[in-house]
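Subject: Structure handover

Hello,

Here is the structure for you to look over. My notes on what turned up follow below it.

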Amino acid sequence: SVLERFDNELQGPVDQTISSLLGLHRTSKFDHLVHYGGSYYCYLFNRTLSAHVWHHGFKQDPFGAEPGQRLRELLRGGSVVQNLGAIEALCPGAGGFQPENVPFDALVSQISND
């Protein structure tokens, strides 16, 4: 093909092919699919966690002083705090859990419009 000729025959000041400089990928590459599954399940995991936090930490009193204080404490840490302890702190009394046992009750309730 013409693109292959450019890649093989043209020499330039950089050590890259013309197609890579133009952002073109050969059809035999499927790199874009490698991380898709992980990203998708990460989205579902985060949606489940957010439903859990809303249902068990904020739904009863979303504008209350106590839930607001818990949220401020979480946000004070910025994006540095990345553990389930932070989620548990937003939902006192909801019980702790491990990543492999994330409670789906709140997500199911949210999806079914309960």
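**Fold and surface**

The protein chain has 7 helices and 0 strands. Helices (H or I, at least four residues) and strands (E, at least two) are DSSP runs, numbered from the N terminus. The pattern along the sequence reads α-α-α-α-α-α-α.

Some ground rules. This is a predicted model: local features need pLDDT of at least 70, side-chain atom pairs count only at pLDDT 80 or more, and totals for chains, interfaces and linings use all residues. Residues are numbered from 1 along each chain as its sequence is written, and side-chain values use heavy atoms, with hydrogens and water left out.

The protein chain has 114 residues, and 20% of them count as buried (buried is under 20% relative accessible area, exposed over 50%, partly exposed in between; 1.4 Å probe, protein chains only). Take the contacts in the protein chain with a separation of 6 or more: 52% of them join residues 24 or more positions apart (contact means heavy atoms within 4.5 Å).

**Largest pocket**

The largest pocket holds about 290 Å³ of space. A pocket here is an open set of points on a 1 Å grid over the protein atoms alone, where a 1.4 Å probe fits, with protein on both sides within 12 Å along at least five of seven lines; lining residues have an atom within 4 Å of a point. The volume is the space filled by probe spheres set on the points, which are joined across faces, edges and corners.

There are 14 lining residues, and Leu49, Val81, Gln82, Asn83 and Ile87 lie nearest the centre. H4 (36-58), H5 (65-76) and H6 (84-90) each supply at least two lining residues. H4 gives the largest share, 4 residues. The lining has 8 nonpolar, 6 polar and no charged residues (Ala, Val, Leu, Ile, Met, Phe, Trp, Tyr, Cys and Pro count as nonpolar, Asp, Glu, Lys and Arg as charged, the others, Gly among them, as polar).

**Individual residues**

Threonine 48 lies in helix H4. Threonine 48 counts as buried because its relative accessibility is 2%. Beyond its neighbours within four places in sequence, threonine 48 contacts Val102, Pro103, Phe104 and Leu107.

Cysteine 42 is partly exposed, at 40% relative accessible area. Cysteine 91 counts as buried, at 3% relative accessibility. The whole structure has 0 disulfides (pairs of cysteine sulfur atoms within 2.5 Å).

Best wishes
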